[in-house]
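Please look over the sequence and the model shown below before reading on. The report then takes up the chains and the places where they meet.

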Amino acid sequence: MSADRHPLFKPLVFAGGIVFGFGLGFSHMARPEVVLNFLQFEDLGLPFVMFGAAIVSGVAFALLPRIRDAAPLTGDPYERRLKPFDRNVLVGGAVFGVGWGLSGICPGAAYASLGTGNVTILWALAGMFLGAYVQGYWRSRAADTAPAPSGAD
Amino acid sequence: MVADPVALQAAADLFPNGVSRYAVGGLLVGLGTVVIYVGTGIPAGASTFLESTLSYVSGQSRFQQYVGSRDWRLVFTAGIVLGGLAFAATVQSGVVTSSLYEPGTTGQLYEVAGVTLWSTAVQPWRLFLGGILVGVGTRIGKGCTSGHGVCGVGSASKTSLVGVVTFLTVAIGTAQIVAALGVSP
């Protein structure tokens with residue numbers, strides 16, 4: 001993507017974010033207790049949120065490439081979100097699962113939660129940034145030192 | 001056909017808050033994703049914001065790869081926060097009412113300048129420790145509940161389906177163990 005984007009690029013992303021966050025508030029996914037209630041089988045509503053959202057986005061992901069070649073604001077082709085599978089998907093998914101099961105919080109819902117007035121969620125956000133930093137620091141070092149012969153520590 | 005009252009009661013026990021608030025909320029989450037996708041072609045996830053924002057303060061190569069997307073990811077996240085506030089100022093405050101919305105009894109409500117805000121009762125140590133693991137896990141695992149769960153599943157991506165099954169299964173196990181240990185809320 002180029003630096004000189006369409007003037008409506010950011011306003012549209014902003015508007016999409018507002019609808020996204022409103023939906024997280026309305027569905028109570030911004031409440032960690034409600035997520036935990038699902039994981040403890042006390043209220044099975046959560047899949048209606050995740051799969052309801054996936055169905056809506058899935059329809060758009062399937063239809064748009066047939067209607068248009070490229071997105072109007074970026075000129076980028078409409079592509080599906082396909083990431084390569086490797087062991088990291090399982091390892092990362094498991095680590096994320098432990099965190100999600102312990103706290104009831106995931107990234108998008110945490111941002112929306114802050115908007116609903118949940119100041120306590122700053123603990124989770126601080127944790128997420130710390131975790132992402134530690135992971136990124138470790139990966140950067142691994143990437144930077146991988147080609148060079150390892151010295152004695 | 002008359003619906004079996006026993007089956008209805010069993011279903012009601014599994015969904016004490018009904019399903020409409022979940023389904024309507026999910027449709028809106030999907031709609032937000034679609035709005036961005038239609039205009040930009042980007043299937044946006046929420047967790048990359050963590051790394052892209054760290055690129056402002058860290059020169060590590062892992063974060064620098066997100067310099068090109070960090071500004072719009074900041075805008076996306078600001079939108080999500082504001083969307084949560086818009087929900088608080090309308091539905092949560094009772095200004096807008098709907099039969100599709102079931103209020104709920106968790107956490108504590110409080111008022112600031114006429115807006116009903118809400119705060120969780122889940123203990124800070126759980127949020128912080130869970131947050132660290134979420135931060136590490138989503139970055140290793142290439143996505144979170146929105147990236148894999150909404151955009152990836154919506155793309156019928158096998159990687160994302162495996163990711164969702166993995167984190168759902170582990171999260172259920174973790175939450176059950178934590179509850180069995182008597183940790184509440």
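How much of the span of residues 161–183 of chain B is helix, how much is strand, and how far apart are its end C-alpha atoms? In this predicted model, residues 161–183 of chain B are 87% helix and 0% strand, and their end C-alpha atoms are 30 Å apart.

| Span | Helix | Strand | Distance between end C-alpha atoms |
|---|---|---|---|
| Residues 22–50 of chain B | 76% helix | 0% strand | 26 Å |
| Residues 161–183 of chain B | 87% helix | 0% strand | 30 Å |
| Residues 12–30 of chain A | 79% helix | 0% strand | 23 Å |
| Residues 120–138 of chain A | 89% helix | 0% strand | 28 Å |

**Chain A as a whole**

The secondary structure of chain A consists of six helices and zero strands, which gives the pattern α-α-α-α-α-α when the chain is read along its sequence. The C-alpha trace of chain A spans about 55 × 45 × 30 Å along its principal axes. Its radius of gyration is 19 Å, whereas a compact globule of 153 residues would have one near 15 Å.

**Where the two chains meet**

Between the two chains, 126 residues of chain B are in contact with 111 residues of chain A. Together, chain B and chain A bury about 10,400 Å², and 73% of that area lies on carbon and sulfur atoms. Of the area that chain B buries against chain A, 7% is supplied by Y22(B), Y37(B) and K142(B), which is more than any other three residues supply.

On the side of chain B that touches chain A, helix α2 of chain B (residues 20–40) gives the most, with 20 residues. Sorted by class, that side of chain B has 69 nonpolar, 48 polar and nine charged residues. Three salt bridges are counted between chain B and chain A. One of the salt bridges between the chains joins K10(A) to D71(B), where the closest N and O atoms are 3.3 Å apart.

Methods. Residues are numbered from 1 along each chain as its sequence is written. Chains are lettered from A and ligands numbered from 1 in the order in which they are written. This is a predicted model: local features need pLDDT of at least 70, side-chain atom pairs count only at pLDDT 80 or more; totals for chains, interfaces and linings use all residues. Side-chain values use heavy atoms; hydrogens and water are left out. Contact means heavy atoms within 4.5 Å. Buried area is the accessible area (1.4 Å probe) that two parts lose on being put together, summed over both. A salt bridge is a side-chain nitrogen of Lys or Arg within 4 Å of a carboxyl oxygen of Asp or Glu. Helices (H or I, at least four residues) and strands (E, at least two) are DSSP runs, numbered from the N terminus. Ala, Val, Leu, Ile, Met, Phe, Trp, Tyr, Cys and Pro count as nonpolar, Asp, Glu, Lys and Arg as charged, and the others, Gly among them, as polar. The radius of gyration is taken over C-alpha atoms; the globule rule is 2.2 Å times the number of residues to the power 0.38.
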